[in-house]
Amino acid sequence: MISKLKELLSNSYSPYSDLCFSCIVVMKDGVEFKGVTVKNATYRDGLYAEQVAIGRAVANGYKYGDFEKIYLMVGSNDISDLKYLNERVITEFFEPMKSVILYTLDGDNRVLKVGNLYNNIY
């Protein structure tokens, strides 16, 4: 999964920011949906990688209860940069006991449960 996430990072569009993310959402039936950060000069109109991946799943007919895992990678070696993930969109579609697997470029990782995101992202 790490190599897939790293490859996806190169598709991220963040010309005004050094911080980009990639995401892969895995459904209970094994189907994967990918997403990357898409930012422009109006930062509030940017898209989070997890929004893109989850949105693709929803557009394909998946709903709450169909999501199994979510993998996210930040385009840096600083695990604290993952504080910028959109926990609200994740908790909207994932059951509380599902896993969120977070990676940095250098392989540092952290595994959290969706229900604990608000308490554990720094």
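Predicted model: local features only at pLDDT ≥ 70, side-chain atom pairs only at ≥ 80, totals over all residues.
Me: Buried means under 20% relative accessible area, exposed means over 50%, and partly exposed is in between, with a 1.4 Å probe and protein chains only. Why is L47 called partly exposed?

Reply: L47 has 40% relative accessibility, so it counts as partly exposed, since that class sits between under 20% and over 50%. Residues are numbered from 1 along each chain as its sequence is written, and side-chain values use heavy atoms, leaving out hydrogens and water.

Me: What makes Y13, V38 and L47 a nonpolar patch?

Reply: Patch members need over 30% relative accessible area and no salt bridge; nonpolar side chains (Val, Leu, Ile, Met, Phe, Trp, Tyr) are joined within 5 Å, like charges within 9 Å. A salt bridge here is a Lys or Arg side-chain nitrogen within 4 Å of an Asp or Glu carboxyl oxygen. L47 passes the area test, because its 40% is over 30%. Together, Y13, V38 and L47 have about 260 Å² of accessible area, by the Shrake-Rupley method with a 1.4 Å probe, where only the protein chains shown count as cover for residues. L47 itself is in the loop between β2 (32–36) and α2 (49–59); helices (H or I, at least four residues) and strands (E, at least two) are DSSP runs numbered from the N terminus.

Me: What makes the F33 and Y62 pair edge-to-face?

Reply: Rings of Phe, Tyr and Trp (its six-membered ring) pair if their centres lie within 6.5 Å; planes under 30 degrees apart are stacked, over 60 edge-to-face, the rest tilted. F33 and Y62 come in at 5.6 Å and 70 degrees, so they are an edge-to-face pair. F33 is in strand β2 and Y62 in the loop between α2 and β3 (67–74), so the pair ties together parts 29 residues apart in sequence. Both residues are buried.

Me: Why is the pair of F67 and F93 called tilted?

Reply: Their centres are 5.7 Å apart and the planes are at 50 degrees, so the pair is tilted. F67, F93 and F94 form one aromatic cluster.
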